[in-house]
Amino acid sequence: MSRHQVRIVGGQYRRTPIPVLELPGLRPTPDRVRETLFNWLNHFWDGHYAQRHMLDLFAGTGALGFEAASRGVGHILMVEQNAQATAAMRTLRNKLGAHAIRIHHGDAGHILERAEGSRYDLVTLDPPFGADWMSRIWPCLPFLLTPDGLAYIETESPQTAPEGFELLRSGRAGQVHYHLFRIAAPQKSVDNRLSGPSEPPAHTETT
C-alpha cells in the first residue's frame, strides 16, 4: 500500500503523483530538493538534457529518475533492489510512456562491480543511511562518469570532495545533506562535453 505520495515538480510530467510505498528505508528526495538539483543542472548543462545519460543507483520511488525524464533527459537507468518498489516504478513508467527510462531490478553493488562499462553524465546516489556505502562508491565513480560527469549525493552527514573530485554545490533539508560533485579539472578531457562559461563559486543552501 502507498503511505503517501510525492509529485514531479517540473517538465512534461509536472504534478504527476509518485506513490511512496511503506518500505523500510524508503526516503524520496523532497520536492524542494529536486527543484534545487535541477536548477543546478540547468546551470551546468545550459538547459540541454536530451543527449544526457543518467544512472540512479538507489532509485527507491524513482523520484529523481522520473523528474529527470520529465525535464527531457534522454537516457535514464534506475536501479532498485526491492521488488515492490521496482514494480511500482515500472507501472508509473508505463503509464507515463516514459521511454527514456530503463529500470533494473538488482543490487547496486553489481553495477559498481561492472563500473568499466557505460558512462553517465549524471550519477545520482541516495544510499541507505548507516551502511557506509560511500566509501565503496567513491573509487568507482570515475569509471561511471563521463570526463565532465556530475555526481549528486544524498547522505546523513556532509560529504567532502575526495581526491579527484570538486564540490560544486551543497545544501541540507532536515537531516539530509545533499551535494553536487564533479570530476576535478586535472582529470577533464580537453574535448569535454560540458565545457562552457565559468560558474560562480560553490555555495550552500539549507531548506
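pLDDT is the predictor's confidence in each residue, on a scale from 0 to 100. This is a predicted model, in which local features need pLDDT of at least 70 and side-chain atom pairs count only at pLDDT 80 or more, while totals for chains, interfaces and linings use all residues. Residues are numbered from 1 along each chain as its sequence is written, and side-chain values use heavy atoms, with hydrogens and water left out.

The chain has a mean pLDDT of 87, and 86% of its residues reach 70 or more. Among the elements of the chain, helix 2 has the highest mean pLDDT (97) and strand 10 (residues 203–206) the lowest (55). Over residues 187–201 pLDDT stays under 50.

Of the 207 residues in the chain, 52% are buried (under 20% relative accessible area, with a 1.4 Å probe and protein chains only).

Helix 1 (residues 31–44) packs on helix 2 (residues 63–71) at an angle of about 45 degrees, and their axes are 11 Å apart. Axes here are lines fitted to C-alpha atoms over the stretch in contact, and angles run from 0 to 180 degrees between N-to-C directions. From helix 1, Arg34, Glu35, Leu37 and Phe38 meet Ala63, Leu64, Glu67, Ala68 and Arg71 of helix 2, contact meaning heavy atoms within 4.5 Å.

Methods: Helix = DSSP H or I, 4+ residues; strand = E, 2+ residues; numbered from the N terminus. Buried < 20%, exposed > 50% of the residue type's maximum accessible area, 1.4 Å probe, protein only.
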